Amino acid sequence: MAILFHEVQFPVDISYGAVGGPSYSTGVITSMSGGEQRGQHWAQSRIKYDVSQNVKKKEQLDRLVAFFRARKGKAYGFRFKDWADYAATGEPCVKQNNPLQYQLTKTYVDDAGYTDIRTIKKPVLGTVVIYVNGIVTTTGFSVDYTTGIVEFLDSQGSATVTADFEFDVPMRFENDEMPISHDTYEVYSWGNITLIEIKV
């Protein structure tokens, strides 16, 4: 099935201050004695945000409605700037089955040393800086800004490839309806306008 996605960014003035963050799916089975067995359903988190409280002006509401209509509700995905987490520095790039290709990633490490590696597929145009063995390289590679794949013209062998970059999150509207209430003249209110991460 084709992935319906538009390479356009959700309005950044509306995404700023959105409420939400990463979520996981964990199955929990509790025995009669109170013991638990837990199963992890997702290898990576899924971002979810409510942006309804960030629409302050009529002009913002008009742009949000136009954006919602252009995406046909939840049919088409889009880029979203997560203001809490949108940049990476010195991150390892993971070599793919094609030895010329590397995937952008971001690694999260807690104080105890446990890690979570996130695949980055929507880097922001013009922000990717590539290092080979710690030295900036400006030629001999290309970046696919729709997949996060860095492809070199020649094999890098056992060299370490790292990157600095900014990135967006691929998301969609969670619902096909936008609950806007016209309270009085030029005064509006709305329920939740929820966006959810998609895997592309």
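Is proline 92 buried, partly exposed or exposed? Proline 92 is partly exposed, because its relative accessible area is 40%. Here buried means under 20% relative accessible area, exposed means over 50%, and partly exposed lies in between (1.4 Å probe, protein chains only). Proline 92 sits in strand β7, residues 87-92.

The model is predicted: local features need pLDDT of at least 70, side-chain atom pairs count only at pLDDT 80 or more, and totals for chains, interfaces and linings use all residues. Residues are numbered from 1 along each chain as its sequence is written, and side-chain values use heavy atoms, with hydrogens and water left out.

The protein chain has 200 residues, of which 36% are buried. It holds two helices and 20 strands. These are DSSP runs, numbered from the N terminus (helices: H or I, at least four residues; strands: E, at least two). Along the principal axes, the C-alpha atoms fill a box of roughly 65 × 55 × 35 Å.

The largest pocket holds about 230 Å³ of space. A pocket is an open set of points on a 1 Å grid over the protein atoms alone, where a 1.4 Å probe fits, with protein on both sides within 12 Å along at least five of seven lines; lining residues have an atom within 4 Å of a point. Grid points are joined across faces, edges and corners, and a volume is the space filled by probe spheres set on the points. The lining of the largest pocket counts 17 residues, and Gln44, Thr119, Pro170, Glu197 and Lys199 lie nearest its centre. Strands β11 (115-119) and β17 (169-173) each supply at least two lining residues. The most come from β11, with three. Seven lining residues are nonpolar, three polar and seven charged.

The second largest pocket has a volume of about 180 Å³. Its lining includes Gly21, Tyr24, Ile47, Asp82, Asp116 and Arg118. Two or more lining residues come from each of β2 (19-23), β5 (46-50) and β11.

Valine 12 belongs to helix α1, residues 12-15. Valine 12 is partly exposed, with a relative accessible area of 33%.

Definitions and conventions. Nonpolar A, V, L, I, M, F, W, Y, C, P; charged D, E, K, R; others polar.
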